[in-house]
Amino acid sequence: MSQSYDVIVVGSGPGGYVAAIRSAQLGFKTAVIEREKVGGVCLNVGCIPSKAMIGAAHFLHKLEHDSKEMGIKVKGDVDVDMEQMQKWKQGVCDKMSGGVNQLLKGNKVTIVQGDATFKTTTSIEVKSSKGTETLTTKYFVVATGSRPIEIPGFKFDEKDVLSSTGALAQDEVPKKMVVIGGGYIGLEISSFMQKFGAEVHVLEAQDGLLTGMADPECIQVVQRKLKKSGVNLHFGAKAKSFKKSGKSLEVTFEKGGKEEKIKTDKILVTVGRKPNSDQANLKGIGLAIDERGFVKVNEQRRTNIPNIFAIGDIAGQPMLAHKASHEGVLVAEVIAGKNRVYDAKTVPAVIFVDPEIASAGWTEAECKANGHSDLKVAKFPFGANGKAVSMMETDGFVKMIADAKTHVLLGVHIVGPEASNLISEAVLAIEMGARLEDIALSIHPHPTLGETMMEAAEATLGHAIHIIQKPLGSATKRNGSGARA
Amino acid sequence: MAKQDIKLPEIGEGVTEGELVDWLVQVGDTIEADQAIAELMTDKATVEVPAPTGGKVLELKFNSGDVIEVESVMMVIDTDAAGATTPAPTKEEKSEPAPAAQAPASPPQPMAAATSTPQTSGTGMDVYPPAADIKVLATPATRRLARELSVDINQISGTGLAGRVTRDDVLAKSKTGSTSATTAAPTLQSPGIPRPAYQSPGGAVEERVALKGIRKKIAENMQMAKHVIPHFTLMDEANITDLIELRKTLKPLAEQYGTKITYLPFVMKALIATVREFPMFNASIDDAAQEIVYKKYFNVGFAADTPNGLLVPVIKDADQKTILQLSQEIVDLATRARDGKLALDEMRGATFTITNIGSVGGNYATPIINHPEVAIFGMYKIQERPIVKDGELDVASFMNYTVTCDHRLIDGAVAARFLAAFIKRMENPGVLMMDMM
């Protein structure tokens, strides 16, 4: 039996399901193949469940630390019921996954459950408990994603050695946890586990956390707060092996040429993710794959086989859900014969640590590397923002970087409360080619965290209202409105 | 030997390419940092390209007349040539073939295959137009419009603030037809204009010189304007005896402010006041959209004769400037035009233009409209003539004027009424006071 389609999307994560829905909207007979749950890693064992846990931890933290000062008295102990929390978290994920399921059905996309193996450039075999079927299609969209990287000596069993998936599914809070890798996933999990009461040790091979992932000054704020809250950070530390004796684990790591040991209950390995290009027989049908394992694609996300497209984590960095979704829409429209390319200027990145880090555009170093030697850079602190003060969350700042001559915005780096929700304004500004004045002159509502964006733009121009800057002397040249508007 | 590629640096805001007028150095020359190595023509200004570092010239990658894109390798130099020759490390020797294999051959590859069915290499070279460079300032919607019109947005010099590529820029580029993408050399040639060859009669003494630089640009612009716009010209004269008196009294005043006051700023003021009554003179026709664009701002271009040819500096927002400010700006722009020091932005965005050819000679002329404007005004030399006033013979001073219009938008009777209203102002400069805002 062979079903025939116009478009088959392999993988139903935030890239795949979006590609499938847009394909169906454009009138194609579309199917999506999923081996696990609809929504992929993002909805089921990634972005969404981790945000649920982080949200709960934040709530607990406020209850324990801020409520007293605010005048809210808690009678009796505040306790974490991890089993209930898992149920609640699962409810959140199921709701999201169910929603995607409905959207796919509503758009008449066929959902095929099972493990996919490419047979030819136009046919694919899907195996499930119900048996094996072969589907044929005119176009394929490969959206099979990525998985956590394993390191030698620490094989994932999701009991002692956890990947991010296992860490999000813990029924009880471990007393002690060793986290190998101080990247964004490791730190997000470390932050909430610490708040739930675990003693957390982070082993990071480099000299600092999140190296290369965010603005160095933003990282500093988070690093300081992690330390203050009691997370143990070990830099230049290379995990070697672990031993199990009874219920207890002992991790051996090398630091400064010496071997050290820590006892722990759980080990979490978060050293990065790798594309799933070794699966589904992608190589077998001749898809070109680069040395880092990404499927090679052009600006339209077309592979070396003209009727096959690849999107999301498998098609290259950055491995972020929102980039995958953007590509999902793109390929569906390319398949429909529209002239489209991937030409977004920036992909925003958010790290849900405490406080959150969010960025769009370039860092100062990247600006210089791209030929902007003369920059205007300034920061506006959340401590000077009324809403942040009333929330008791004043750590952090908004930093803006613009070309000194044209005032065109080049980068925005936020560390602070709701940074994740504030960054979208920066993305729009960068995509529109906005100048600092465009942000400074747009009225931002009061009292909101969003005012920090306007103030940061003003600060970068040299004259924020709510921080003290040098007076505007006659020497201050304002390169304001140009010849013509 | 340390080979170094010299790339064409950024030569102005929003400028993505330039036409090589001439090399100022030859292969074998030893050059110093900051020495001018090439003369390059962009839009309308000719600029000298400085060398970023010193060395010996090994190879020139382009010929006169070629269009060079910013960031493309224009020459190769040996940076060791100046100092002692140091033995090259083997590592560097090895690295040489690799870039050679990757670097595009100096004549850019034709992109003819681009629009046909995709032949995917997986290296991303097969989509036309190419994706917008990260440095291109254009909104996502504008980028998409350019793509749908098959316009390479990287090739547009944006007219917006800070070199922003606007929706209008994309539509204009789409209209000029340089989108066929068959050759990499983007000339502004409209597809419909024939290019007949000139056959030399046998034995005639002639000299052939390349049509290039500002001359080529003028040729293209004039041809396009004449091709697109149906021109007509109306002529009249004004008795400006009173204006001459007024100028005489203002002259010493202006000198106190260190500037020379000519008739041009008075003409500008009278024109702007008249154009307010006749908005179709401050408009453009968007042929692609089939729309008339009425402009609510007044940027006045004035033709300047320079050693390199005709240039048209533009006074932005001229309606908001006093006669004194206009005088100062005219002197400044004209001086810098002659010295070849105008910025590109100072020659863009005129909403109508004045030619003052009369100061050189001629009673009347029929100038060519500076597309996409729809009118050009001429002012000519002042002559004393006998007139009969109150039954007596008298002497008065006259200046001749012409208005040349785009007949698609402006009818003959409208032009006649316009010219009459303008002349009334020139004959009674006091009326200009009434127009003051």
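Reader: Hi! Which residue is the bridge partner of A:Phe397 in S22(A)?
Author: That's A:Val415. Bear in mind that this is a predicted model.

Reader: Okay. How many bridges join S21 and S22 of chain A, and which way do they run?
Author: There are 6 bridges between strand S21 (residues 397-403) and strand S22 (residues 409-416) of chain A, and the two run antiparallel.

Reader: What sheet are they in, and what's the strand order?
Author: An open sheet of 5 strands in chain A, ordered S18-S19-S22-S21-S20, with antiparallel pairing.

Reader: Which strands stand at the edges?
Author: Strand S18 (349-351) and strand S20 (375-381) of chain A. Each has a single partner strand, so one side of each has no neighbour in the sheet.

Reader: How much are neighbouring strands turned against each other there?
Author: By 10° on average, with direction ignored.

Reader: Which helix packs on that sheet, and what does it touch?
Author: Helix H8 (residues 216-229) of chain A does, touching strand S19 (356-361), S21 and S22 of chain A. The direction of H8 makes about 5° with that of S22(A). There's also helix H14 (residues 451-461) of chain A, which lies across S20 and S21 of chain A and runs at about 140° to S20(A).

Reader: What about hairpins? What joins S4(A) to S5(A)?
Author: A hairpin, through 4 residues. Strand S4 (residues 115-118) and strand S5 (residues 123-128) of chain A pair in the antiparallel sense over 4 bridges. A:Phe118 has A:Ile124 as its bridge partner in S5(A).

Reader: And what do S5(A) and S6(A) form?
Author: A hairpin with 2 residues between them. S5(A) and strand S6 (residues 131-142) of chain A run antiparallel and are joined by 6 bridges. There, A:Ser123 stands opposite A:Thr136 in S6(A).

Reader: Zooming out, how many helices and strands does chain A come to?
Author: 14 helices and 22 strands. Buried residues make up 46% of the 485 residues in chain A. Looking at contacts in chain A between residues at least 6 apart in sequence, 65% join residues at least 24 apart.

Reader: Which residues have the most contacts inside the largest nonpolar core?
Author: A:Val141 and A:Val142, in a core of 151 residues. Setting aside neighbours within four places in sequence, the contacts of A:Val141 include A:Val7, A:Gly16, A:Ala19, A:Phe309 and A:Val331. A second, separate core has 49 residues, among them B:Ile229, B:Ala350, B:Phe352 and B:Ala415.

Reader: Helices next. At what angle do H1 and H9 of chain A pack?
Author: About 35°, with the axes of helix H1 (residues 16-25) and helix H9 (residues 321-335) 7 Å apart. The crossing of H1(A) and H9(A) is right-handed.

Reader: Which residues of H1(A) make the contact?
Author: A:Gly16, A:Val18, A:Ala19, A:Arg22 and A:Ser23. On the H9(A) side, the residues include A:Ser325, A:Gly328, A:Val331 and A:Glu333. By class, the contact has 6 nonpolar, 4 polar and 2 charged residues.

Reader: How many residues does each of chains A and B give to their contact?
Author: 25 from chain A and 25 from chain B. The side of chain A that touches chain B has 8 nonpolar, 8 polar and 9 charged residues.

Reader: One on chain B, then. Where is B:Glu148 found?
Author: In helix H3 (residues 140-148) of chain B.

Reader: Why does B:Glu148 count as partly exposed?
Author: Because 14 other C-beta atoms lie within 10 Å of B:Glu148, and partly exposed falls between the exposed limit of 12 or fewer and the buried limit of 20 or more. As for B:Pro129, 19 residues away along the chain, its C-alpha atom is separated from that of B:Glu148 by 9.1 Å.

How values were computed
Residues are numbered from 1 along each chain as its sequence is written. Chains are lettered from A and ligands numbered from 1 in the order in which they are written. This is a predicted model: local features need pLDDT of at least 70, side-chain atom pairs count only at pLDDT 80 or more; totals for chains, interfaces and linings use all residues. Axes are lines fitted to C-alpha atoms, for helices over the stretch in contact, and angles run from 0 to 180 degrees between N-to-C directions. A crossing is left-handed if the near helix is turned anticlockwise from the far one by less than a right angle, and right-handed if clockwise. Two residues are in contact if their C-beta atoms, placed from the backbone, lie within 7 Å. Ala, Val, Leu, Ile, Met, Phe, Trp, Tyr, Cys and Pro count as nonpolar, Asp, Glu, Lys and Arg as charged, and the others, Gly among them, as polar. A nonpolar core is a set of buried Ala, Val, Leu, Ile, Met, Phe, Trp, Tyr and Cys residues joined through C-beta atoms within 7 Å. Two strands pair if DSSP finds at least two bridges between them.
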